[in-house]
Amino acid sequence: MAISSLPCIQPVRVPFKACSFFPAGVCGGFNNKKRINAVVFSSLRKISNDIKFESKVDTLLDSIKWDDKGLAVAIAQNVDTGAILMQGFVNRDALATTITSRKATFFSRSRATLWTKGETSNNFINIYDIFVDCDRDSIIYLGKPDGPTCHTGSETCYFTSIGDLLKEQDVEKTNLALTTLYSLESTISKRELELTGKHGKPSWTKRLLLDENLLCSKIREEADELCRTLEEKEDSSCTASEMADVIYHAMVLLRLKDVKIENVLEVLRRRFSQSGIEEKQSRASTES
């Protein structure tokens with residue numbers, strides 16, 4: 001279950017003595033009683049909506065299977081990259097605070113208090129959505145971090161590979177738990193730093209990085225071959241293969257332009273969260 005479009009609950013103070021009961025000019029200089037009444041009624045409606053929302057939040061919190069200490073596991077995940085950022089524990093108040101503040105908030109078992117990620121480092125995790133699992137005993141905070149999540153300065157708290165530990169290799173903070181796309185991005189970055197390949201010659205990736213004309217010609221070539229799989233009714237495996245070539249060569253170009261694939265995915269997320277008209281207006285304002 002996802003908790004989407006989470007509004008922030010803000011208390012609205014409405015005076016018990018409505019201004020409409022006083023003579024004109026007494027209350028803040030307002031002379032129009034209809035306008036005063038509209039303001040009061042609008043405030044009352046907002047209070048009513050907030051009460052309804054709070055009730056829904058309470059119902060949701062009641063449905064979570066808290067452990068015997070009133071806690072549940074909460075995992076923070078990057079909304080664009082899918083990277084697992086960190087894991088902590090939440091209680092009822094921590095989850096409610098996250099819903100209303102849109103900042104990833106946890107419960108510290110050692111200090112027995114709530115804490116918001118970023119409250120000391122300013123590296124907040126801004127929440128876009130919250131998911132609970134099928135058993136409702138664990139939670140995912142889907143969000144965008146403002147900076148490194150780990151206290152070590154690493155992008156995520158997961159950079160220790162069990163495989164490396166078993167091989168007794170040194171742990172590197174840059175060895176993150178990456179999905180395929182981000183592993184490819186990391187490999188391309190490493191190739192850029194290499195002088196030569198295994199056989200004394202530059203790797204194909206290095207050649208592309210050194211020759212912009214070659215790179216652009218390959219991107220156009222691979223894009224054309226991708227289109228041909230549709231035009232010539234080739235099977236789906238050919239389409240997947242050609243698309244892989246397009247992605248790889250395009251990501252080499254991104255590396256040359258110092259653009260991360262995360263930036264691309266963020267643009268896509270923003271575009272597809274808007275209507276077509278809103279997206280075009282946003283692009284036009286950016287280009288102008």
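Start by selecting Asp80 and Lys144: both are buried, meaning under 20% relative accessible area with a 1.4 Å probe and protein chains only (over 50% is exposed, in between is partly exposed). What you have open is a predicted model, where local features need pLDDT of at least 70, side-chain atom pairs count only at pLDDT 80 or more, and totals for chains, interfaces and linings use all residues. Residues are numbered from 1 along each chain as its sequence is written, and side-chain values use heavy atoms, with hydrogens and water left out.

Keep that pair on screen. Asp80 and Lys144 form a salt bridge, with the closest N and O atoms 2.8 Å apart; the term stands for a side-chain nitrogen of Lys or Arg within 4 Å of a carboxyl oxygen of Asp or Glu. The two sit 64 residues apart, Asp80 in the loop between β2 and β3 (84-90) and Lys144 in strand β7. Helices (H or I, at least four residues) and strands (E, at least two) are DSSP runs, numbered from the N terminus.

Now widen the selection to Glu266, Arg269 and Arg270: together with Asp80, Lys144 and Glu262 they are linked in a network of salt bridges.

Time to show all of α8, residues 261-272. Its 12 residues should span 16 Å at 1.5 Å a residue, and the end C-alpha atoms are 17 Å apart, which agrees; the expected span is 1.5 Å times one less than the number of residues. Which residues of α8 are buried? Colour Ile261, Glu262, Glu266 and Arg269. They cover an arc of only 140° around the axis, so they lie on the same side of α8; the arc is taken from the directions from the helix axis to the C-beta atoms. Covering them, by contact (heavy atoms within 4.5 Å), are elements including β2 (72-78), β6 (125-132), β7 (138-145), α4 (180-193) and α7 (236-256).

For another salt bridge, jump to Arg191 and Glu194, at 3.2 Å, N to O. Here Arg191 is partly exposed, at 27%, and Glu194 is partly exposed, at 27%. The whole structure has 12 salt bridges.

Last stop: strands β4 (105-108) and β5 (113-116), which pair in the antiparallel sense over four bridges; pairing takes at least two DSSP bridges between two strands. Click Ser108 to find its bridge partner, Thr113 in β5. Between the strands are four residues, and Ala112 takes a positive phi near 55°.
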